[in-house]
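Here's a quick briefing to read with the structure open beside you. Let's look at how some helices cross, and then at a pocket.

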Amino acid sequence: MQVTITVNGTETRAEVEPRLLLVHYLRNVLGLRGTHWGCDTSNCGACTVWLDGVPVKSCTTLAAQADGHAVRTVEDLDSGGELDPLQQAFMEEHGLQCGFCTPGMLMTLRALLDRDPDPDEATIREAISGNLCRCTGYENIVRAARHAAAHPTTAPEEISA
Amino acid sequence: MQTPATFHYERAGSVEEAISLLERHGPETRLLAGGHSLLPMMKIRLASPGTLVDINGLAELDYIRLEGDEIAIGALTRHTGVLDSAVLAEHYRIFAEAERVIADPLVRNRGTVGGSLCQADPAEDLSAVFSALRADLVVASASGRRSVPVREFHLGPYETVVGENEILIEARVPVRPGAGSAYEKVERRAGDWAVAATGAFVQLRDGLAVDVGIGLSAVGADHHSCAEAEEQLRGRELTPDAIAAAAATCRDRCHPTADQRGPVDYKRHLVEVLVTRALTRALERARGEEA
Ligand code: FES
Ligand code: FES
């Protein structure tokens, strides 16, 4: 079947099998490897992308279901090379080690911060309860989210600091 | 890599179209709502439908609203919509308490009320909630609509009364002025299925329980409930002893099975403890003692 999916603001179009999962459409058809493919069982959240502005697990969504809809992936977070404040915060607070969970964490937390710019720790922990991290123990991820809430814009001097 | 077997994909633009697609493509057709039960089953080939009818576009089934003395919940309402609903928060706290422990926020963004009920997983939480509240479920077909009491909706694990060419479109919950409700669940880790879970509501008049509902999940309870325990409490003052006796009835009347989530006696113990807690908190809320 033919699908037309707006990915990161750009219309994409491809002939796909109905059984193709959105995560593979993004990674293999479009070559957008920022979205990670982990457990494949809707547990880990590494594959989290936005579908019409809502974070979802792309390993449990068909590309066909995104036909005619808008998808946003981690590749779209920075603007013109300038990191999103959340990405910057992950650097500042060491919110990642191996980085496998990071794209999913970023997409989930960006959605949270857009909805609730000043979430408390419990809110952050609940928001990422569908995103597993095997490295950090979550402490620094939560700290990074708080850091991003406290620094909602990325000032250049912070980047060089 | 887990890939579903090949299937034919259709998209329905209305309830009528969904029904006619079900009729046209025959018994190997499944409706695709949130997909968070169906797609994982297809990926491990536990399910291989010939056709999927995607109903995610049916915005007409995504609502929660007060209609007279009932709350109507559209079948395509996402879990997150239930969790955030002001109408449900006002009348039945049990919904948000149950939703908060269903899967995780990302899954709740996609999973639907109707999908959960129709999947009929024996450990599913909303089945216990609706059973406690004695909701009616509205099923549509080409020949019209029928209303099924939720306690007659599930025929067994993964089996419901919804026919091949039918679609669940709505749940209707009676408003019970002054009722208090609560949900209690024990899970092994965040987002997991229940080891045991229970929900309850209590409606008081002159200090007596004019109506009581108890829902049970994951413990093999008949109709996700315990009618005998409800009967024990109805019309009575809900003293701690009365609640304890009803909880013991629930413990003895359910049929848990031993699995990786625990042995039978542990699950029975949980039922007794959780029913006591849910009834006690529902009672406090009905009395206006607990926010
Ligand atoms: S790969 Fe999608 S949830 Fe793990
Ligand atoms: S940084 Fe390694 S999984 Fe999270």
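A crossing of two helices counts as right-handed if the near helix is turned clockwise from the far one by less than a right angle, and left-handed if the turn is anticlockwise. Keep in mind that this is a predicted model. With that in hand, here's what to look for.

- Start with helix H2 (residues 85-92) of chain A: its axis and that of H5(A) come within 8 Å and cross at roughly 130 degrees.
- H2(A) and H5(A) make a right-handed crossing.
- Now find helix H3 (residues 102-115) of chain A, whose axis comes within 11 Å of the axis of helix H5 (residues 139-150) of chain A, with a crossing angle of roughly 40 degrees.
- That angle makes H3(A) oblique to H5(A) as well.
- H3(A) also passes H5(A) in a right-handed crossing.

**The second largest pocket**

- This pocket has a volume of about 520 Å³.
- Its lining is made up of 29 residues, and Pro122(B), Ala123(B), Pro157(B), Ala218(B) and Gly220(B) are the ones nearest the centre.
- Strand S8 (154-156), strand S12 (194-205) and strand S13 (208-217) of chain B each give two or more residues to the lining.
- S8(B) gives the largest share, three residues.

**What the pocket lining is like**

- Sorted by class, the lining has 15 nonpolar, eight polar and six charged residues.
- Domain 2 (59-174) and domain 3 (180-286) of chain B each supply at least three of the lining residues.

Note on methods. Residues numbered from 1 in each chain as written. Chains lettered and ligands numbered in written order. Predicted model: local features only at pLDDT ≥ 70, side-chain atom pairs only at ≥ 80, totals over all residues. Heavy atoms only, no water. 1 Å grid on protein atoms, 1.4 Å probe; cavity = no way out; pocket = protein on both sides within 12 Å on 5 of 7 lines; lining within 4 Å. Points joined across faces, edges and corners; volume = space filled by probe spheres on them. Helix = DSSP H or I, 4+ residues; strand = E, 2+ residues; numbered from the N terminus. Nonpolar A, V, L, I, M, F, W, Y, C, P; charged D, E, K, R; others polar. Domains from an automatic or database assignment. Axes fitted to C-alpha atoms, helices over the stretch in contact; angles between N-to-C directions. Parallel < 35°, antiparallel > 145°, perpendicular 65-115°, else oblique.
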